[in-house]
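Dear colleague,

Please find below the sequence and the structure that I am handing over to you. My notes on what was found follow directly after them.

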Amino acid sequence: MFFFKKWSIAKENAAKAAAISKSQAVIELGIDGTVITANEKFLSILGYTLAEVRGKHHGMFVETDERSGAAYRDFWARLNKGETQSAEYKRIDNHGREVWVQASYIPVLDSRGNPTKVIALASDITEKRIKNLENAGQVSAIERAQGVVEFKLDGTIITANRNFLNAMGFALSEVQGKHDGMFVELSERSGAAYRELWAKLNRGETQSAEYRRFGKGGREVWILATHNPIVDETGKPFKVVAFTTDVTKQKLKAAELEGQVAAIGKSQAVAEFGMDGKILTANDNFLKAFGYSLLNEVQGNHHHMFVEAGERSSAAYREFWAKLNRGESQSAEYQRIGKNGKIVWLQASYNPVLDSRGKPTKVIEVATDITARKLEALENADQLAAIERAQAMAAFKPDGTIIAANDKFLKAMGYTLGDVRGKNDGIFVEASERAGSAYREFWAKLNRGEAQSAEYKRIGKDGKEVWIRASYIPVLDAKGKAIKVIQYATVIESDRSEEMVQEAPVSLADQAEASSLSMERLETRRKSESVGPSPLAQFLTSLRAGFSSAMASSTKAVANFL
């Protein structure tokens with residue numbers, strides 16, 4: 001009976017050993033570390049045959065540095081004392097590659113309790129170990145780059161890394177054991193949304209969002225955070241780890257940009273277009289400029305609804321959108337068509353919005369309605385063209401250097417543009433006048449921004465005398481400094497022949513002025529014989545005053561245009 005019982009136990013143990021051998025790598029070692037035998041699973045893991053390992057020392061599976069180290073000697077010393085050794089071990093296979101095993105080295109004892117051999121049961125965990133190392137590396141990298149804070153499920157802070165503490169301005173001792181609510185505004189802390197955040201985390205639901213938090217001293221901190229519930233083997237959460245990024249600077253910058261965009265939207269016309277040119281949205285200023293009152297009147301339509309039919313089908317318009325699709329901004333003055341054919345002039349920039357890969361996703365147009373100014377400028381341009389046809393014109397630098405002159409001016413003076421460009425206005429002035437203080441003061445006043453208007457005697461080519469009624473108008477920059485001088489003149493007498501020759505008048509005012517100097521000459525001769533103004537002199541004075549008023553009006557229009 002005793003023998004049968006013993007045989008049954010032995011049979012059961014043999015069955016257990018066989019089962020273990022099927023599921024695990026098994027190796028038997030002498031107490032000195034010599035390999036006695038090993039099963040196929042063990043040999044497969046390390047890439048050996050039994051003949052290659054039997055009789056060799058276990059150290060063949062260990063790196064050279066480890067084999068000669070104190071830790072490996074202590075490992076075998078403990079086994080020789082009968083102490084089981086269990087851990088994760090790095091081993092080296094037949095090809096010199098690292099193999100990680102989860103192993104238990106179990107001393108087999110004789111009847112007196114002395115170890116006689118060692119049986120090692122091992123599992124290959126190389127893949128798992130590499131994955132864990134990779135995960136550990138990732139976590140380490142995350143910890144270096146992000147703020148990390150751990151909580152109990154009730155929100156109590158377990159620990160936090162340096163990045164998180166720096167962002168919030170606290171030391172670990174100041175937050176450890178406190179509730180996450182210490183970073184939350186009181187009104188939010190007592191609200192349903194904050195309670196629901198922690199309820200979801202307790203249900204194992206990850207939460208990600210941008211949060212406003214408060215650091216030391218009530219400083220506002222914005223964090224982009226992911227709260228991750230950590231679950232046990234049953235799937236039940238037991239703590240929460242939050243990975244955070246401090247986005248305070250970006251948030252404040254975004255708020256500033258939003259404010260700028262809002263300010264632009266208040267003062268300018270703004271519209272958004274898809275890359276196909278279809279209108280996504282437009283603000284009230286944009287709609288008003290084009291005569292529309294409702295967004296749905298334009299939304300979904302193509303931008304070309306604002307463009308004349310001839311331009312719409314042109315190569316230039318196709319290239320305009322091609323450039324936008326290449327990410328190139330476009331900026332200019334544009335003539336557009338509003339509701340019911342209304343002409344609209346815009347000073348506009350079309351700005352492609354790029355995604356993270358630099359690809360345009362939409363176009364934002366920012367525009368100013370310049371219709372009134374443009375129409376005024378066109379009107380002034382017409383006036384300027386009329387003045388240029390009627391009058392002699394020249395442009396000077398503030399020092400009197402001639403920049404340009406029209407044909408009427410050049411004809412009066414007898415020069416070509418090449419003769420005078422780059423020369424000083426003094427070439428038209430008698431030497432005695434040129435050297436005098438009055439002429440210097442004349443240019444000093446122009447440089448101070450003071451317009452000068454009078455009758456002037458000028459000297460043309462070959463010394464011919466030319467009398468002009470002229471206005472010299474300084475053109476000023478934004479700071480009020482004269483940058484050039486424009487002269488508008490009417491030739492009223494020239495000594496090109498023995499007879500007095502006049503420029504063909506183009507208006508009643510020109511005709512009156514053209515004759516005024518001739519009459520003045522006659523009146524001068526008459527004064528030698530009589531005293532006091534004659535009726536003719538009085539008439540000429542009145543006529544000149546009227547002409548001066550008309551000239552001032554034209555000058556104002558030209559100055560506005562320039």
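Residues are numbered from 1 along each chain as its sequence is written, and side-chain values use heavy atoms, with hydrogens and water left out.

Helices (H or I, at least four residues) and strands (E, at least two) are DSSP runs, numbered from the N terminus. Helix α10 covers residues 192-202, and its buried residues include Tyr194, Leu197, Trp198 and Leu201. Viewed down the axis of α10, the buried residues fall within an arc of 85 degrees, so they line one face of the helix; the arc is that of the directions from the helix axis to the C-beta atoms. An α-helix has 3.6 residues a turn, so residues three or four places apart point the same way. The cover over the buried residues of α10 includes β6 (147-151), α9 (186-189), β8 (207-214), β9 (220-231) and β10 (237-246); contact means heavy atoms within 4.5 Å. After α10 comes Gly204, with a positive phi near 85 degrees.

**Helix α5**

In α5 (residues 70-80), the residues Tyr72, Phe75, Trp76 and Leu79 are buried. Down the axis of α5, these buried residues fall within an arc of 85 degrees, so they line one face of the helix. Ala70, Ala71 and Arg73 are exposed on the face of α5 turned away from its buried side. Among the elements covering the buried residues of α5 are β1 (25-30), α4 (64-67), β3 (85-92), β4 (98-109) and β5 (115-124).

An open sheet is formed by 5 strands in the order β2-β1-β5-β4-β3, with antiparallel pairing; two strands pair if DSSP finds at least two bridges between them. The edges are held by β2 (35-38) and β3, each with a single partner strand, so one side of each is left without a neighbour in the sheet. From one strand to the next, the twist averages 30 degrees; axes are lines fitted to C-alpha atoms, for helices over the stretch in contact, and angles run from 0 to 180 degrees between N-to-C directions. Between β1 and β2 there are 3 bridges in the antiparallel sense, and Glu28 stands opposite Thr37 in β2.

Ile45 lies in helix α2 (residues 40-46) and is buried, with a relative accessible area of 19%. Residues up to four places away in sequence aside, Ile45 touches Ala25, Asp93, Val99 and Asp124. Ile45 and Ala25 are 20 residues apart in sequence, and their C-alpha atoms are 7.9 Å apart in space.

**Sheet β12-β11-β15-β14-β13**

Another open sheet has 5 strands in the order β12-β11-β15-β14-β13, and its pairing is antiparallel. Its edge strands, β12 (279-282) and β13 (330-337), each pair on one side only. The twist averages 30 degrees from one strand to the next. Helix α14 (residues 315-325) packs on this sheet and touches β11 (269-274), β13, β14 and β15; the direction of α14 makes about 140 degrees with that of β13. The antiparallel strands β14 (residues 343-354) and β15 (residues 360-369) are joined by 9 bridges, and Ala348 stands opposite Ala367 in β15.

**Gly480**

Gly480 is placed in the loop between β19 (465-476) and β20 (482-494). With 41% relative accessibility, Gly480 counts as partly exposed.

**The chain as a whole, and confidence**

The protein chain has 21 helices and 20 strands, and 36% of its 562 residues count as buried. Its mean pLDDT is 84, with 80% of its residues reaching 70 or more; pLDDT is the predictor's confidence in each residue, from 0 to 100. Over residues 496-562 the pLDDT is below 50, and this stretch has 77 contacts in the model beyond near neighbours in sequence. Where pLDDT is low, the predicted coordinates should not be read in detail.

With kind regards

Methods. Buried < 20%, exposed > 50% of the residue type's maximum accessible area, 1.4 Å probe, protein only.
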